[in-house]
Amino acid sequence: MTKEKKGMEEVWRLVEGRYLGRDKTSLEESFAKHMEFTQAKTRYTATDLDAYKCLAYAINDRMMELWNDTQTSYYEADAKRVYYLSLEYLMGRTLGNSIINLGMKNESEEAMRNLGHELSDLEDFELDAGLGNGGLGRLAACFLDSMASLQLPGMGYGIGYDYGIFEQKIVDGQQVELPDHWLKRGNTWLMQRPEYTYQVKYYGKVESSRDANGKLQFVWANSQNVHAVAYDLPIPGYKNNTVNNLRLWKAEARDKFDLAVFNKGDYVSAVEKKILIENISKVLYPRDDSYAGKELRLKQEYFFVSASLQDIIRRFKATHTDLLDFPKKVAIQLNDTHPVIAIPELMRILMDEENIEWNIAWGICKETFSFTNHTILPEALETWPIKLVGDLLPRHLDIIYEINHRFLNRVKEKYPKDVGRLVRMSVIEERGGKSVKMANLALIGSHKVNGVAKIHTEIIKHELFKDFYEFNPEQFTNKTNGITQRRWLLHANSRLSNLITETIGEDWVTNLDCLKGLLTKKDDPNFQKRWKQVKDDNKKDFAEFVKNKTGITIDPASLFDCQIKRIHEYKRQLLNILHVIHLYNKIKEGKAQDMIPRTVFFAGKAAPGYQIAKDIIALICAVAKTVNDDQDTKHLLKVVFLENYSVSLAEKIVSASELSEQISTAGMEASGTGNMKLTLNGSLTIGTLDGANVEIKDEVGGENIFIFGLTADEVSGLRRSGYNPSGYYHKDEDLKKAIEKIRNGAFDHNKPGRFNEIIKNLLERGDYFLVTADFTSYKNAQMEVERCYKNTAEWTRKSIINTACSGKFSSDRVIKEYAEEIWKIKPQKPKSKKNR
């Protein structure tokens, strides 16, 4: 090494060896530098938004140091990595969570206060990232947090949408969808990586030829090409110097602008191609009830899968040359059916670009992929028309046919006379127009398949995917979902987390089973008093928030009864609002002497094309208006629909909630994670034996949860035997009164018949989700809720037990299970700059 080179190395080592401080003074200095040099402002000209950005940049700087250490350590250790492919990530806000995971909460509060700001105010300037919608995306976000906190080598891949699914407004009592422009204030966290840009192909045709050895070769010709550009979002672990990564892809046209066309005066055509191409990453979940919508959705799925696989292979080839070793160093988790096109895509790359023959390529593929099924609902078990797949991805359709042909030959060998089984297990649906069944493709192309709760896994083994389970039972496993306690307790509920830490220490933050230590305090009157005071203070804060947001005044002393989740018929917000109408009827009939004051909160979005779900929102809002405007209900009942449900709103709700509504039709909720968040924060659950409710009951004890309704087996049996909702309607006078109040226009508000479709679904179209069948049981369970809530000591004791027994529901637990049993990866501690 030359003298000059040695000198350069010494300078770099000296510079790189310094870390930015995490103390208050260092943070203040970083903040001031970003104000002057990044924002080009002074403290006299800066806005509060400038202040938020300066703090965000300062925190991000510290994460980038650790990110570089982490990635370098993974490469030097030649660690096997997991890549999590998900079409959505419901991340929430980054600032507050990053500050906590870096261990800088107190320092950040002090530094900002010294500079004239409140940290909580600055956090509110950050818009929730519009990268996800529901539980699927939030689970993915929790998993990334746990991977980093467990120091597991891994990263997520997704799409960097310009717009989230939509911003929900309630106008005249109805959901209105507006663009969710979450990037309108810029984003300080996303780092563009133009050096990682990949070409993604669509359309064209497949050409075949023979090489010199007579081997058949395939070329994807005359394709339309799109560029996928990488953007990185840092994911910090909790106080462990590990920062992993979420890589998001944005679509860009190769030729952004046709100057010749522009100069001819055709200004629209000059940019038309750019607009059409960049639509791919424009909006999360475009409506797919038209052919064009389906085409765009499939384009999105292939877009991020193709770019991600190219990136994963590039990473592998940086340190390895033999693709036979690929599964030894790479695990890919498919989060539901959206990324399943990755299976034929990896086969295409291995065969057409790497010249690997089918059997070897298939072995690599099978050992690399694992698949998580999240639901039994048809809309989540994707199918794509054959014509669409053939037009858009012609080579992939060829590969899918071949995968199916070879697989069905194996099935025939095992079940030679069972034609029905072949039809059910085929990737190709022949009935009602040919289509590709993506769930079947996932099952065939993955070495492991998991459900997300014990009951859900039993359903997929013995009902949904029964044939596949019988064919290969070892392939199936259960991984009950979980949530990160760092965001959902430490960050969302500082009062309760402080009380818990004061009582049992802080180990629970990284080992949630430690919460069991609270059980020694469950009967302590003084501790119960402090526990209740925390909840009361949170309720007061939330009541003030609701007043500012909606104008509705609520009683902080009332029972806070919360159902916060995507609006869907199987989640049965309709059952809840029918019970609210029943309570309203009791008040109006003078039968409310024993009622407790109750405030019922709803929050959630309905898919834009899901009209009956939007009708349910309208009914909730109409009932709320009637109830809240009636002086007779003033001190007993309020109903609040909180618009534009998001992670940041959920963080406020979970800390104040006392009753968690988990009332889905049994056998239809795969797991649920909202139930876990609310239980962790001391809410008592009223719910069916569905999803993770079953395991919550097992953990907290049947006496500390309010279970009602038909079981999954009873639901199936009732449907098979011929369910008649009118029988239940006539049997329960309270149910009948509630339905008739809707039918008779009590909530129409000058729009006659606006809820006719809801009534028809209940009484004339079979009530598929068994609302009427479960109403009486639900009503009786709510009566038990009221009895228990009147006994403050009993309710508080149950609340403590629910939190104390939440340890199983940490995403750390489930990620350890994935890592050890499916991915086969191990933790890797990062080396500091000085030790590289």
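Helix α3 is mostly covered: 21 of its 30 residues are buried. The model is predicted. The helix runs over residues 48-77. From its first C-alpha to its last, α3 reaches 43 Å. That is close to the 44 Å expected at 1.5 Å a residue. An α-helix has 3.6 residues a turn, so residues three or four places apart point the same way. After α3 comes D78. The phi of D78 is positive, near 50 degrees.

Next, the cysteines. The structure holds zero disulfides. Take C805. Its closest cysteine sulfur is in C514, 14 Å away. A disulfide needs the two sulfur atoms within 2.5 Å, so the C805 sulfur is too far from that of C514 for a bond. C805 is also buried, with a relative accessible area of 6%. C365 is another buried cysteine, at 0% relative accessibility.

Now the charged side chains. Across the whole structure, a search finds 67 salt bridges. One of them joins D124 to R93, with the closest N and O atoms 3.0 Å apart. D124 sits in the loop between α6 (119-123) and α7 (135-149). R93 sits in the loop between β1 (81-85) and α4 (95-101). The pair therefore ties together parts that are 31 residues apart in sequence. Is D124 buried, partly exposed or exposed? Its relative accessible area is 44%, so D124 counts as partly exposed.

A second salt bridge links the side chains of R348 and E353, at 3.1 Å from N to O. Here the arginine is covered: R348 has 9% relative accessibility and counts as buried. The cut-off for buried is under 20%.

Which residues do they join into one network? The members are R193, D232, R247, D311, R314 and R315.

The cysteines form zero disulfides.

Methods
Residues numbered from 1 in each chain as written. Predicted model: local features only at pLDDT ≥ 70, side-chain atom pairs only at ≥ 80, totals over all residues. Heavy atoms only, no water. Helix = DSSP H or I, 4+ residues; strand = E, 2+ residues; numbered from the N terminus. Expected span 1.5 Å × (residues − 1). Buried < 20%, exposed > 50% of the residue type's maximum accessible area, 1.4 Å probe, protein only. Salt bridge = Lys/Arg side-chain N within 4 Å of Asp/Glu carboxyl O.
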